[in-house]
Amino acid sequence: MSLRRGSSHGRALWPLALVLVLALPVARAHAYPWMIRHGYTNCSGCHVDPSGFGLLTEYGRAQAQVVLPTLWGKAPEEVEPTTGIVYGAVPLPSWLNVGLSLRGAVLSTTTSQGTKWRDILMIADLRAGVTAGPFLASASIGYVPTGATLAALTNSQRDNLVSREHWLGVRVVNQKLYFLGGRMNLPFGLRNVEHTSFVRSATRTDTNSAQQYGGQVVWDGPGLRAGLMGIAGNFLLDDSAYREQGYSGYVEGAFSNAFTLGLSSLVTHADRGLGSIANPFVLDPFSGAADDWRQAHGLFSRWHVGGPWVLLAEADLLVQSASGVPRDWGGTGFLQADYQPLQGLHFIFTGEGLHQNQVTSYGAWFSISWFFFTYAEVRLDTIFTEFGLPGGGHEPSFSVLGQLHFSM
Amino acid sequence: MRRHVTLVTVLLALPLLAAATRVTGEPTAGFHGRGPGGFSLEGTTHQLRIEDDGTVLKIVVPLGGLQTGISLRDRHMREKYLEVEKYPDAVLELPWSAVKLPEDGRTSEGTAPGKMSLHGQSHDVQVKYRIARTGNRYQVTGTVPLNITNYGIDVPSYFGITVQPDVEASASFTAERA
C-alpha cells in the first residue's frame with residue numbers, strides 16, 4: 001500500500017543527481033560504531049548529531065582523513081588533514097559543516113524464484129549544518145530514484161527528493177546536554193550502516209529513512225551517553241493515521257575506552273500499522289491494522305577486543321499488538337566482528353536472527369569494506385539469509401551487494 | 001679512617017638499595033583527559049621503571065612511548081605539547097614514609113604526598129594509591145590529578161576539540177621488594 005501521492009515529474013530530478021555527481025568528492029554520511037577501536041566511545045566529537053551518523057564536524061572531517069583510509073605507504077602521523085571540502089580546496093569556517101555523500105550499488109539477489117539484478121543509487125545527499133557555540137543544526141537533501149519513501153519530500157513512485165534529517169538544537173553544560181527538535185534518527189541501539197539488518201529493519205530505527213519528527217534530549221557525558229526522543233510522527237507521510245507517536249531512547253555506559261554496554265527502548269502507537277519490511281516473505285498482519293502498538297527493548301554493546309578486532313552486538317525484544325491481531329512476541333539479534341588487518345581495509349563477519357510474526361529468520365554476512373582512498377570506499381557484501389515462511393520452512397536468499405561510496 | 005669506612009659502606013650499599021624494589025611483569029602508565037561533552041582521550045605506555053633509594057620511590061615513565069590510538073595525535077602530543085625530546089620522562093617521587101605498606105595477603109589504600117616532575121617543572125601532588133601484597137610482591141595502582149598548564153604544557157586544541165587542562169595520570173605495576 002502506498003502512502004504517498006503518485007506523480008510523474010520525477011525525471012525532472014535527474015539534473016540534481018548530475019550536480020551531486022559532479023560535486024564529488026562528497027561528504028561522509030555514515031557513522032561507524034567500530035571507531036571504538038580508536039578509543040571513541042562517544043560520537044559527538046566527529047558528528048553534528050551527538051548520537052552519531054551523518055554530517056561530520058570539523059574534527060570528524062580531520063579524523064576521516066587520518067584514521068579511516070588506507071594511506072598507501074604514508075605513515076598516519078605524516079597526514080596533515082584539511083577541513084575544507086573538495087580535498088581542502090574549498091575552506092569552511094569552523095562553525096559551518098557541509099558535505100555530500102554518494103553511494104551507488106549493484107545488488108544481485110538469488111532465491112528459489114531466480115536471480116534479480118538491481119542498480120541502486122542508495123544515497124545522493126547534500127548535507128549542511130552549523131555548530132556555533134551552543135547552537136547547532138543539521139539538514140540534508142538528496143535524491144533517490146527508488147526507495148526511502150518515508151523520507152521523501154516529493155510524492156512520486158520514483159525519483160524523489162528526500163530529506164532524512166532536518167533539525168535544530170542547543171547544547172549546554174560544556175556541550176554535554178543537548179535539546180534537539182525536528183526530523184532525526186531515532187536514538188536506539190547500534191547506529192550501524194547495514195540498514196537492512198534485522199535489528200534496524202525490524203525495529204524501524206535505520207538511518208536510511210526511519211527518521212521521525214520530535215524532540216530529543218541528549219546527555220553526552222564522559223562515560224555515559226543517553227538520548228530520549230519524544231516521537232511526534234513522520235510528517236512526511238501524507239496519511240496521518242500511519243504516523244507513529246511515542247518515544248525512543250537509549251542509555252549507554254562506557255566501562256572503558258574499549259567497551260560499552262547500552263540499553264534501548266522504543267514504544268510507538270499509530271492509528272494504522274505500517275507494514276514491516278524485515279521479512280519480505282511474510283504478509284505482515286499488522287500492516288494497516290487499527291490501534292497499532294509497537295515496542296522494542298534491548299541491549300547493545302561495542303567492544304574493541306584488541307588489535308584489529310572490534311565486536312558489535314545488539315539483541316532486542318519485539319512486541320507488537322493491534323486491534324483484532326493477536327499480540328506478537330518476537331526478537332532480533334545481531335553480532336558483528338570487524339577485523340581491520342591494515343588501515344582502511346575491513347573484513348566484516350555478521351550473524352543475525354529475527355523471530356517475528358511467528359516465523360524465524362536468520363542470516364550471515366561476509367563483507368569487505370575498503371576505504372581505498374581519502375573519502376572513497378568500495379564495499380562488497382555477501383548475504384545469505386534463510387527467511388522464515390508462514391506455516392514452517394524457509395526461503396533461502398543469497399545476495400551480493402557491491403557498493404561504491406564517495407564522501408567527505 | 002672511620003669516615004672513609006662509612007663512605008665506602010654507603011657506596012657499596014647504594015646499588016643494593018637501588019635494586020631493593022624492581023618491576024616485574026608489564027607495567028602500564030598513562031593519562032586520561034576529557035574534552036567537550038563526552039569526548040575523552042587516553043594515553044598509554046608500558047614503559048615504566050622505578051628507582052628506590054630506600055627513602056624515596058621514584059616512578060619514571062618515558063613519555064616517548066605514550067600512545068593514544070591515533071598516531072598523528074601521538075605525534076602532536078610528543079612534539080607540540082610534551083616536547084619529549086627536551087623532557088623525555090615524567091617522574092613521580094614518593095617518600096616511603098608516606099606510603100602505608102600492607103601486611104602479607106592484605107591490601108592498603110591511601111593518599112600520599114608526592115612530587116611530580118613533568119615538562120621541566122615540578123609540583124607537589126597528592127597520589128591516590130592501592131597496594132595489594134602477596135609475599136614480597138606488591139601490585140600497585142595509583143592516580144595523580146594534574147593540571148597540565150601548571151607544568152607549562154599548552155592546552156591541546158585540534159580542529160574544534162579542546163582538551164580540558166585537568167587530566168588524571170595513572171600507573172599500575174607489580175614490584176618485588178627485597
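What share of the contacts in chain B with a separation of 6 or more comes from residues 24 or more positions apart? The legends below concern a predicted model, in which local features need pLDDT of at least 70, side-chain atom pairs count only at pLDDT 80 or more, and totals for chains, interfaces and linings use all residues. Residues are numbered from 1 along each chain as its sequence is written, while chains are lettered from A and ligands numbered from 1 in the order in which they are written.

**View 1. Contacts and elements of chain B.** Residues 24 or more positions apart account for 57% of those contacts (C-beta atoms, placed from the backbone, within 7 Å). Chain B has two helices and eleven strands (DSSP runs numbered from the N terminus: H or I, at least four residues, for helices; E, at least two, for strands). Their order along the sequence is α-β-β-β-β-α-β-β-β-β-β-β-β. Of the 178 residues in chain B, 27% are buried (20 or more other C-beta atoms within 10 Å of the residue's own, with C-beta atoms placed from the backbone).

**View 2. Helix α2 of chain A.** Because nine of the nine residues of this helix (residues 58-66) are buried, helix α2 of chain A is largely enclosed by the rest of the structure. Among them are A:Tyr59, A:Arg61 and A:Val66. The buried residues pack against α2 (71-81), β9 (157-158) and β10 (161-162) of chain B.

View 3. A:Trp167 has A:Gly182 as its bridge partner in β6(A). Four residues separate the two strands of this hairpin, and A:Val173 in the turn has a positive phi of about 55°. On β7 (residues 212-221), which is antiparallel to β6(A) and joined to it by eight bridges, A:Gly215 stands opposite A:Gly181.

Key
A residue is buried if 20 or more other C-beta atoms lie within 10 Å of its own, exposed if 12 or fewer, and partly exposed in between; C-beta atoms are placed from the backbone. Two residues are in contact if their C-beta atoms, placed from the backbone, lie within 7 Å. Two strands pair if DSSP finds at least two bridges between them.
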